[in-house]
Amino acid sequence: MAASPASTDIAVIGAGSIGIAVAYHLVRCGLKDVVLVEAGDPMALTSAQSGENYRNWWPHPVMTAFTDDSIGQLEAIARETGNRIHMTRRGYALATRRANPTDLVDDLHHGYGAEGGQRIRVHDGTSPRLYQPAMSADWEAAPDGVDVLLDPALIRAHFPSFAPDIAAILHIRRAGDISGQQLGQYMLEAIRAAGGRLCRARVTAIEGGTPFALHLDTAEGPATLRADRVVNAAGPFLGAIAAMLGENLPVACVYQQKIAFEDREAAIPRGMPFAIDLDGQQIPWTEEERAILAAEPETAALLAPMPGGIHCRPDGGDHGTWIKLGWAYNRIASDPAGEPPVDPQFPDTVLRAASRLNPALAAYIGRLPRHARHYGGFYAMTPENWPLIGPMRGQGAYLAGALSGFGTMGACATGALCAAWVAGAPLPAYARALSLARYDDQPLMAELAALNSKGVL
């Protein structure tokens, strides 16, 4: 963009997976004069660090409906493009050592609502219903719903890499992974074809409204973009852009880390679903390690009981050789404008924790293969871990963000919902609950506060 003023109908701030999906749905609604404003390359910040997973399990029917809609859009894109987005579906395997996890099953029924009876299948060794293992990654061949495995023999037969003390598995079937980058590229191509534009610039200030004046820092110098409407889809900078609009959002940014490496020891079966150890644990450090960790405040917390949620999955398909591990145990908010708080201890920590579920991973403790990747991203999240999609307080301003850990899976439905708000189109039943208006709904907020889980995996 040149330094001279320019104008647009709608400026979407942020070209991560969410901003791109919003712009994509805006042009599909017929709103062609759309400008994506992004300081760097599209999909290059938090979206580039995504686990690229999706699932329709949530402990509340609002989020289940939202992600079901989003997955439905992903499926449609997979069909239309010959599966350009590399959609797979082996499911999520949520594992626990509790033999009778009634609270988890209750969460399933609550999340699936009235359909829970048809979507939840319990396999305890007494039921005649057969369990269909994830033999294929073909998303079109996979069953829907969830299988609750309580039969030890069934667990041993189909999850041989898991530790023998695993007593129950919740196998979420409408779940798997996609290529988030390919999804973003597909949408960018559609945006450009419809006349949408990408403006490489950093927003430094926003003035007024109808139209808004976005002050930009571009490679050619300062510039101003005037926009009748603004969508704040700035990812980890959601709060900063809101502040420029004179608003304060209930959002914090938390830095979460992952590792990926070549599985030279073949510790993880290539057909294993995305596996999550739900149980908390206390990592069995040696006495020498405990003394070293206790010496620094940043690492001393690793000596205490840790939450569950360690996850592992094969990466690169059936014939790939890499695996990904992650653990979203960090709860400390950070400034996304500062240096990422990378923890050099993280690879060793997550390997020790992950080897409790998949013992063969212990072979990599202290000896990660060369070229292993340690990375992370800032995740914006609300206290209840629901997204914020819809109008801001000021007229003409909208937001789409706070999809902490579920941006890839929620991008399509987020884009469609935000575009519907902007265009004045019909809204789904869950629209108000995912907007700022939910904070005025005291019964809903009380319900969310009482949930067993916030859906963080």
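In strand 18, Ala 397, Leu 399 and Gly 401 point one way, Tyr 398 and Ala 400 point the other way, and all are buried. Buried means under 20% relative accessible area, with exposed over 50% and partly exposed in between, for a 1.4 Å probe and protein chains only. In a regular strand the side chains alternate between the two faces of the sheet. Strand 18 covers residues 397-401 and is mostly covered, five of its five residues being buried. Helices (H or I, at least four residues) and strands (E, at least two) are DSSP runs, numbered from the N terminus. This is a predicted model, in which local features need pLDDT of at least 70 and side-chain atom pairs count only at pLDDT 80 or more, while totals for chains, interfaces and linings use all residues. Residues are numbered from 1 along each chain as its sequence is written, and side-chain values use heavy atoms, with hydrogens and water left out.

Which strands pair with strand 18? Two strands pair if DSSP finds at least two bridges between them. Strand 11 (residues 221-232) runs parallel to strand 18 and is joined to it by three bridges; here Val 231 stands opposite Tyr 398. Strand 17 (residues 388-391) pairs with strand 18 in the antiparallel sense, over four bridges, and Ile 389 stands opposite Ala 400. Strands 17 and 18 form a hairpin with five residues between them, and Gly 396 in the turn has a positive phi of about 85°.

Next come the empty spaces. Rolling a probe the size of a water molecule over the atoms shows where empty space is left. On a 1 Å grid over the protein atoms alone, a cavity is a set of points where a 1.4 Å probe fits but cannot get out; a pocket is an open set with protein on both sides within 12 Å along at least five of seven lines, and lining residues have an atom within 4 Å of a point. Grid points are joined across faces, edges and corners, and a volume is the space filled by probe spheres set on the points.

The second largest pocket has a volume of about 420 Å³. Of its 18 lining residues, Glu 298, Tyr 329, Asn 330, Ile 332 and Asp 343 are the closest to its centre. Strand 12 (252-262) and helix 9 (297-300) each supply at least two residues of this lining.

The structure holds two cavities of 30 Å³ or more. The largest cavity contains about 60 Å³ of space, and among the residues lining it are Trp 58, His 60, Glu 384, Trp 386 and Lys 454. The second largest cavity has a volume of about 30 Å³. Strand 14 (residues 310-315) gives the most to its lining, with three residues.

Finally, the rings. The structure holds nine aromatic pairs, where rings of Phe, Tyr and Trp (its six-membered ring) pair if their centres lie within 6.5 Å; planes under 30 degrees apart count as stacked, over 60 as edge-to-face and the rest as tilted. The ring centres of Tyr 24 and Tyr 186 are 6.1 Å apart and the planes are at 50°, so this pair is tilted. Tyr 24 lies in helix 1 (residues 17-28) and Tyr 186 in helix 6 (residues 180-193), so the pair ties together parts that are 162 residues apart in sequence. Both Tyr 24 and Tyr 186 are buried. Ring pairs also link Trp 327, Tyr 329 and Phe 346 into a cluster.
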